[in-house]
Amino acid sequence: MITVTDKKVMWHDGAPAEPTPEASKAATMTAKVIAAHGGEKIRFDALISHDITYVGVIQTAMASGLRQFPVPYVLTNCHNSLCAVGGTINADDHVFGLSAARRFGGEYVPANLAVIHQYAREVLAGCGKMILGSDSHTRYGALGTMGFGEGGPEIVKQLLGDPYELPDPRVILVYLTGSPRQGVGPHDAALALCGAVFASGFVKNAVLEFAGPGVDGLSMDWRIGVDVMTTETACLSSLWQTDEKTGAWLAQRGRLSDYKRMEPENGALYDGMVEIDLSKLVPMAALPFHPSKAVPVSELAGKSAGQGVIAGCAGGTLQNILEAAAILRGRSCGSGYFELSVYPASMPVNLAAMKAGAVQTLLESGAVLKPCFCGPCFGAGDVPANDTVSLRHSTRNFPNREGSKPSDGQSAEVILMDARSIAATAANGGVITPATEIDYDMPVMRDDYDPAPYEKRVYHGFGKPLADEPLRYGPNIQPWPEIPALPDDLEVTFTAVIHDPVTTTDELIPSGETSSYRSNPMKLAEFALSRRVPEYVGRCKALMAEGKASAIYAVKPGDGSAREQAASCQRVLGGGANLAVEYATKRYRSNLINWGILPLTWDGEFTWEPGQTLRLPGIRKAIESGAEEVTGFIGDTELKLSLGSLSDKEREILLAGCLINWYRQIAEKNA
């Protein structure tokens, strides 16, 4: 089904081959797109954020001198539009977002109109483009666009005219052959891919290029469904060869001019290869608590679940909904404990599903249709009952990401599955069933795209800033506290020590209802590590009262979301350093740097408990000198610690104490 080749391969006449001396990475699609956008210093075609991140991005950019959005910047409202925690704070943020779009010349997508990535696909993405988003699933490779999901400070840099620094990345060929059989969907391929490469780190921080004869037989929604899940492999970005189907999809949305044929050139050199035979794929499930824990659904057959959810940027696309409806046509979800919710990814998808009769079929089966919303992906919608298994065609199944609160004795689990097998399970009364075991007629995959909801509700302000437009603040929207510069010598006391193999950003700052406080840095910080190390916040506050800094030790922190709050919450609680064996993602390490937290690594055995202090004498001079290794002391033990490769700008940011301070210093110099 999937074969991994850990050696260089070359593209030749539409297939992988042994490299020749003339083979070059410059012939890959990736290299060409990156070169067209500045090489190692990239400027993106568009930016996009949702309502967990855009307030912080704009606050940071304003504190750093923002006057106008220099490129299209889209603010969507799809993450907290249903979460009622905190009274008016969600709507207050949305009103702030619209006022900022008007003042600075941005694009504003109202709540429940589209999830962030579906809007980007339908309106922004095009062949050869690059888009930066403050959400980890910023992936538009199936449309020929390199999407990068990073923390908000990287958006800030683009808003203020600074490039995204990208040293030459590894590029991995994903070679597709065969055709999937009926009942097998894109999530099945995506979960199998995650299972094959995540644990080994084979594609970590690499770009995945999808090509091969298997691409031709896949619909655009199928390609999109696999592509968005590449984030869960820990890769940096993705890109697919494009064809007439890509052009037709863009033309249907009035953007044929954004189409061009893209494919690797003969002689394109890759750092490795993953081969997927689509014809051998079977329905897959990802067991708790990671998308890479992939097993065939047949291994779970006969077990029961309490809930099914088809939602978001991965599950809520038109083809998934049409095929789920086809499976449920004439069948029933039943009146037992199992319930099925379907969230279309955008109002144009919703309209198309209505015109195709799929909405009627789903409602007749007992399924519930809900708004365009990302909540089930991160615990702010469809929270299941205690001790219940929820089946979800969504992006992640991390611990408690379904919304349960372990502090209250609650526990639930998410198993990721494709929409087809979720619908088959619904038709079987909640008994887990592979879609390949259900007889159904394949629906006609029509694409009746209607942009009317966008035309009537989206605010288009790019290039038309209203400088006198007042920003509208709610009482929860608070500025960043003052953050100190890096001292000559630094001492940090460990307030959390985590020996788990991987620590997710959801553990560093829980998702779900806590995200409602994202516009109030100090209030959000109260939730930092609350589900993993409940003592963390109290320990940090005690140190802050004494004027001391704190640190976290974790083996491999930062898997998952791009939310910069995983780092900023540490910083506003006095965090000065992270110590790790390695960082799970580039984006988390970048977030640490942008918030002035030293990204230290050490491969020794960490035997100390919270309360121990790490001394870093002469740390400021070491960073100023360009050192990649520094000396630290815990008690009498000397540690050789690595800072890793840092650009000149990253060193300046660390010295300044954070990105805001760095921009402030530049403004003072230029005054």
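Q: Is A423 buried or exposed?
A: In this predicted model, A423 is buried, and its relative accessible area is 0%.

Q: Which helix holds A423?
A: A423 lies in helix α14, which covers residues 419-427.

Q: What does A423 touch, leaving aside its neighbours within four places in sequence?
A: A423 is in contact with A324, I327 and L328.

Q: At what angle do α10 and α12 pack?
A: Helix α10 (residues 318-328) and helix α12 (residues 358-365) pack at an angle of about 45°, and their axes are 9 Å apart. That angle makes α10 oblique to α12.

Q: Is the crossing of α10 and α12 left-handed or right-handed?
A: The crossing of α10 and α12 is left-handed.

Q: Why quote both an angle and a distance?
A: Two packed helices are described by the angle between their axes together with the distance between those axes.

Q: New pair, then. How do the axes of α2 and α3 cross?
A: The axes of helix α2 (residues 54-63) and helix α3 (residues 89-104) come within 10 Å and cross at roughly 45°. The two helices, α2 and α3, are therefore oblique to each other. Their crossing, that of α2 and α3, is left-handed.

Q: Which residues make the contact of α2 and α3?
A: From α2 the contact uses Y54, V55, I58 and M62, and from α3 it uses D93, H94, F96, G97, A100 and F104. By class, the contact of α2 with α3 divides into seven nonpolar, two polar and one charged.

Q: Some of those numbers are three or four apart. Why would that matter in a helix?
A: An α-helix has 3.6 residues a turn, so residues three or four places apart point the same way.

Q: On to α6. How well does the span of α6 agree with 1.5 Å a residue?
A: Helix α6 has 12 residues (residues 186-197), which should span 16 Å at 1.5 Å a residue; the end C-alpha atoms are 17 Å apart, which agrees.

Q: How many residues of α6 are buried?
A: The number is 10 of the 12, so α6 is largely enclosed by the rest of the structure. The buried residues of α6 include P186, H187, D188, L191 and V197.

Q: How do α6 and α7 cross?
A: The axes of α6 and helix α7 (residues 220-227) come within 8 Å and cross at roughly 30°. This makes α6 roughly parallel to α7. The crossing of α6 and α7 is right-handed.

Q: What meets what there, in α6 and α7?
A: P186, A189 and A190 of α6 meet D221, W222, G225 and V226 of α7. The contact of α6 with α7 has five nonpolar residues, one polar and one charged.

Q: Changing topic: how many residues of α19 are buried?
A: Eight of the eight residues of helix α19 (residues 565-572) are buried, and the helix is mostly covered.

Q: What covers the buried residues of α19?
A: The covering elements include α16 (505-508), α17 (521-525), α18 (536-545), β26 (549-554), β28 (575-580) and α20 (586-594).

Q: And which residue with a positive phi follows α19?
A: G574 follows α19, and its phi is positive, near 90°.

Q: How many residues of α4 are buried?
A: Eight of the nine residues of helix α4 (residues 116-124) are buried, so α4 is largely enclosed by the rest of the structure. L124 is one of the buried residues of α4.

Key: Residues numbered from 1 in each chain as written. Predicted model: local features only at pLDDT ≥ 70, side-chain atom pairs only at ≥ 80, totals over all residues. Heavy atoms only, no water. Helix = DSSP H or I, 4+ residues; strand = E, 2+ residues; numbered from the N terminus. Expected span 1.5 Å × (residues − 1). Buried < 20%, exposed > 50% of the residue type's maximum accessible area, 1.4 Å probe, protein only. Axes fitted to C-alpha atoms, helices over the stretch in contact; angles between N-to-C directions. Parallel < 35°, antiparallel > 145°, perpendicular 65-115°, else oblique. Left-handed = near helix turned anticlockwise from the far one by under 90°. Contact = heavy atoms within 4.5 Å. Nonpolar A, V, L, I, M, F, W, Y, C, P; charged D, E, K, R; others polar.
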